[in-house]
Amino acid sequence: MARLQPNSPTVRSLEEERRLLLAQLKQEAQQIARRNQVSNPESLIGYQGAVTETLIGKYLEAKVEMESLQRMDAELSRQIDTVRAELDRIMRLANPYRKIEQRMAVAQQSLQLLLQTRQSLQLQIAQQDFTWRLLSDIEDTEQYTTTMRLLVALAIALVLGGVSGVVLALVLELLDARFLEVDQVRQNTRLPVVGQVPIASEFDQYSFSRLEAPLTLWGLQHHLAGATPAFKESFYFLLSHLEQLGLQRSLAITSAQAGEGRSTIAAYMALAAAAIGKRVLLIDANLRQPGLHQTLGIANTSGLADLLSGAFPLPEWSSLLSAQTERLWVLTAGQPQQEPMTLLSSDAWHALLDAANAAFDLVIIDTAPLVSFAETNRLLARVEQSLFVVRLGKTKRDAFATALKEYDLGLKDKILGIVVNGTAAAKQSEAEISPIPSMITPVAVNT
């Protein structure tokens with residue numbers, strides 16, 4: 001008590017410190033009151049010496065907790081910035097990764113084609129180099145001497161077998177529901193037979209280049225002749241006959257069933273049109289079971305289905321055509337679709353077809369079979385003209401009749417005629433082309 005007198009320097013220093021602390025507490029209390037919308041803070045918080053111990057304790061706890069929350073918020077902000085930076089890095093790597101995947105798919109398909117070609121070449125070499133020998137274990141020919149009785153029995157057997165074989169052949173021919181001759185096709189329809197394609201065992205080999213990325217759009221660089229001259233000449237006759245009938249810009253190639261040669265007919269028609277100077281776009285619109293890319297030996301990583309679904313924008317044909325010199329362009333189908341009706345009924349399909357008709361001299365479309373899938377009927381209603389393929393020994397008469405009924409339901413003005421595939425020898429003279437039926441009206445050829 002003697003040392004801590006009211007006027008002593010120590011007490012005056014403590015009083016000054018107390019005064020400053022009370023002023024600071026008053027200021028903090030007013031801020032807390034304003035945040036909590038307290039209208040009369042003086043009633044809750046005393047001044048000068050009336051600050052309660054409970055309030056001071058709560059204030060200190062709140063301040064400590066706020067500082068802790070601020071530190072946690074700063075740490076969370078730092079972690080959020082780190083995660084955002086990692087996401088940006090992953091997004092930058094995503095596009096190159098997709099391009100690498102597409103290149104790997106193209107490389108795998110190219111490798112498969114090379115392996116198939118290698119196997120075919122090895123087989124041809126083996127067939128050419130194989131040496132034949134006649135092996136026989138017959139040393140004693142006397143025990144194999146043919147008797148007269150055996151000769152008579154063999155003769156009778158041959159006669160009976162020949163007669164029964166002829167009868168069986170006639171019966172089988174009567175019961176066969178397939179088209180076996182061109183005349184049978186003519187007898188079952190009023191449509192003209194505009195072309196006959198002979199049987200071919202070898203086909204040309206093609207070399208394509210990719211014209212637009214990431215969309216798989218191909219341009220023909222060159223092809224190696226492999227098909228017979230008669231086979232390729234039949235397509236020049238076919239193209240000439242179609243121009244006489246009024247060939248327009250878009251032409252769909254269809255058939256009643258699968259396996260009748262639609263893709264082959266479409267490919268060689270496009271080659272023939274490109275050879276005479278036309279700019280041709282070949283489209284695979286068989287979105288369920290695409291096969292045109294296999295006929296041409298190219299990849300099918302993306303194509304028509306991706307365009308119609310909106311995965312890629314429609315090509316700018318004018319800029320592409322001005323930068324490229326290829327006469328034949330190919331748009332593959334893309335990955336197979338389970339429900340292609342929606343895509344082939346969309347505005348994107350109409351816009352693509354209109355733009356292609358304006359940019360190209362001829363647009364050839366390979367479709368799905370007419371009898372099996374309903375989307376083919378929708379597609380034929382949108383194109384300008386169509387061509388029907390019949391394969392001898394394959395096309396059944398009832399399927400052919402069903403397909404013609406589909407044409408009668410509002411599509412009969414679309415069909416130009418019938419191409420008979422698989423004939424023994426093509427006859428392409430003008431006199432052998434069936435008369436044009438009254439339901440087809442010739443129009444001027446677009447050039």
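**Entry 1**

The model is a predicted one, in which local features need pLDDT of at least 70 and side-chain atom pairs count only at pLDDT 80 or more, while totals for chains, interfaces and linings use all residues. Residues are numbered from 1 along each chain as its sequence is written, and side-chain values use heavy atoms, with hydrogens and water left out.

Rings of Phe, Tyr and Trp (its six-membered ring) pair if their centres lie within 6.5 Å; planes under 30 degrees apart count as stacked, over 60 as edge-to-face and the rest as tilted. The rings of tyrosine 206 and phenylalanine 208 have centres 6.2 Å apart and planes at 50°, so I recorded this pair as tilted.

**Entry 2: an aromatic pair between helices**

For phenylalanine 231 and tyrosine 268 I noted ring centres 5.0 Å apart and planes at 85°, so the pair is edge-to-face. Phenylalanine 231 belongs to helix α5 and tyrosine 268 to helix α6, so the pair ties together parts 37 residues apart in sequence. Helices (H or I, at least four residues) and strands (E, at least two) are DSSP runs, numbered from the N terminus. I found phenylalanine 231 and tyrosine 268 to be buried. Both pairs fall in one aromatic cluster, formed by Phe203, Tyr206, Phe208, Phe231, Phe235 and Tyr268.

**Entry 3: α5 against α6**

I checked the axes of α5 (residues 229–244) and α6 (residues 262–275): they come within 9 Å and cross at roughly 75°. Axes are lines fitted to C-alpha atoms, for helices over the stretch in contact, and angles run from 0 to 180 degrees between N-to-C directions. The two helices are therefore roughly perpendicular (65 to 115 degrees; under 35 is roughly parallel, over 145 roughly antiparallel and the rest oblique). The contact (heavy atoms within 4.5 Å) includes Phe231, Phe235 and Leu242 of α5 and Ile265, Tyr268 and Met269 of α6. I classed the contact residues as 12 nonpolar, one polar and one charged; Ala, Val, Leu, Ile, Met, Phe, Trp, Tyr, Cys and Pro count as nonpolar, Asp, Glu, Lys and Arg as charged, and the others, Gly among them, as polar.

**Entry 4: the sheet**

I traced an open sheet of nine strands with mixed pairing, in the order β1-β9-β8-β4-β7-β5-β6-β3-β2. Two strands pair if DSSP finds at least two bridges between them. The edge strands, β1 (193–198) and β2, each pair on one side only. I recorded an average twist of 25° from one strand to the next.

Strands β2 (residues 205–212) and β3 (residues 217–224) run antiparallel and are joined by seven bridges, with a hairpin of four residues connecting them. Tyrosine 206 has histidine 223 of β3 as its bridge partner. β3 also pairs with β6 (residues 328–331), antiparallel over three bridges, and there glycine 219 stands opposite tryptophan 329.

I noted that α5 lies across β1, β4, β8 (385–391) and β9 (415–423), running at about 170° to β1.

**Entry 5: threonine 254**

I located threonine 254 in strand β4 (residues 250–255). Threonine 254 is buried at a relative accessible area of 0%. Neighbours within four places in sequence aside, its contacts include Arg262, Thr367, Leu380, Phe388 and Tyr407.

Definitions and conventions. Buried means under 20% relative accessible area, exposed over 50%, partly exposed in between (1.4 Å probe, protein chains only).
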